[in-house]
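Please read them with the model open.

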Amino acid sequence: IEQLFLNKVIKDNSARGYLAIAYVSSLIIFDIPTGILADRVSRKLCLLLASMVQILSLLILGSSHNLIEYIIGYVIFGLYLCLTNGAAQAVLYDWLVLKNKSKDYAKEQGRNYGVFLLGAGIANVASGFIASSIGLRSTYFISIFPALLTFMLLIGLQQPPIIKKQNTQWYQHLGEVIREVLKHRKILIHSLQFMASGVAFYTIGEFGQIYMLAFGISTITLGIFWAIDAVFAASGRALAYKFQGYPRVLIILFCVIASALFLVDSKIGIGIFWLFYGINEAISNAAETGIQHNTASHLRATTLSVISFIGNIVSIPIILIFTHYYVLHGIFAANRLLLVSLIVLFIPTLVLKPTRKMLDKTEAIRPLPPVI
């Protein structure tokens, strides 16, 4: 629905690219400060603030009449995601530790992600009917009600105690993270895979609705197709662990599917796009898991923050180039340009030798929440 809102209300063909940049910029600005707030002050406070910020962003987005207003709402929505990211996982993990079930974190977090995608799928299908019968703006305002419900539920949340606090200065901690990443080849290569997957998400993934609309599908059909996309994303995340010992298989699959998407410009490409989206989610999950299993326990959260920070900075000029190429030559040409670049970027990471053994199967994995 957002893409239709941009087309019919904002009326700017390049809006998607500017929004992607605004979103990534908000992550760069807010991610680390909100993580510090969650660890040093209160995770429950972060989650309560997140619900209030989400409601504010929905009000601004739904009321927007031009691109500037919509970008402001988008940046505020990025703050909401940053407040949620880290705090929600930490609450879950700490409760599992208190119950001596920390080894179940990956399973529980995967279950949470599945419920999230179930909600996204329902919303995608329902939004098409709501927008067609009531209007595009109504989908934003109706979304405020589950946000209010979340806020009320969070008021009663009992926050577990923060298990461990760092005694070192923040710059010493950051320096240790940088040394770890540069020292270990596996962490470095997994980081490249993680960042390349993020670039694919911010460009081909973010412009996926434009790609589907290029085939002349209806509003309701777009909602259904995007719900199917969520199913493929969930499947990619859920099955990624099966390929953890065989990272080359995922990279080869990605290159094959990317090549197929490059060659096809008919409606068959929508099905290939679903496969592309799913395998990209699998690579992101597998790469992140590889980082977790090769990183010291006390450095995990900061390591992912640093890698995400660098990846987001790198993504901004790539998004700008992609958007410019899309405006000049269309979505198919822009996709092909980036697909070739991603294949060239991923192929060198095949030097990573597959390993069947995890460093510590009992240690919790802390995946970043996706954006659908």
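1. Angles under 35 degrees count as roughly parallel, over 145 as roughly antiparallel, 65 to 115 as roughly perpendicular and the rest as oblique. Axes are lines fitted to C-alpha atoms, for helices over the stretch in contact, and angles run from 0 to 180 degrees between N-to-C directions. Helices (H or I, at least four residues) are DSSP runs, numbered from the N terminus.

2. This is a predicted model, where local features need pLDDT of at least 70, side-chain atom pairs count only at pLDDT 80 or more, and totals for chains, interfaces and linings use all residues. Residues are numbered from 1 along each chain as its sequence is written, and side-chain values use heavy atoms, without hydrogens or water.

3. Look at helix α10 (residues 185-205) and helix α16 (residues 331-346). They pack at about 175°, with axes 11 Å apart. The pair is therefore roughly antiparallel.

4. Helix α1 (residues 2-10) packs on helix α2 (residues 15-40) at about 125°, and their axes lie 10 Å apart. That makes α1 oblique to α2. E2, Q3 and L6 of α1 touch A15, R16 and L19 of α2. The contact divides into 3 nonpolar, 1 polar and 2 charged residues.

5. The axes of α2 and helix α3 (residues 43-63) are 6 Å apart, at an angle of about 135°. That makes α2 oblique to α3. T34, L37, A38 and D39 in α2 meet R43, C46 and L49 in α3. Their classes are 4 nonpolar, 1 polar and 2 charged.

Technical notes
Helices (H or I, at least four residues) and strands (E, at least two) are DSSP runs, numbered from the N terminus. Contact means heavy atoms within 4.5 Å. Ala, Val, Leu, Ile, Met, Phe, Trp, Tyr, Cys and Pro count as nonpolar, Asp, Glu, Lys and Arg as charged, and the others, Gly among them, as polar.
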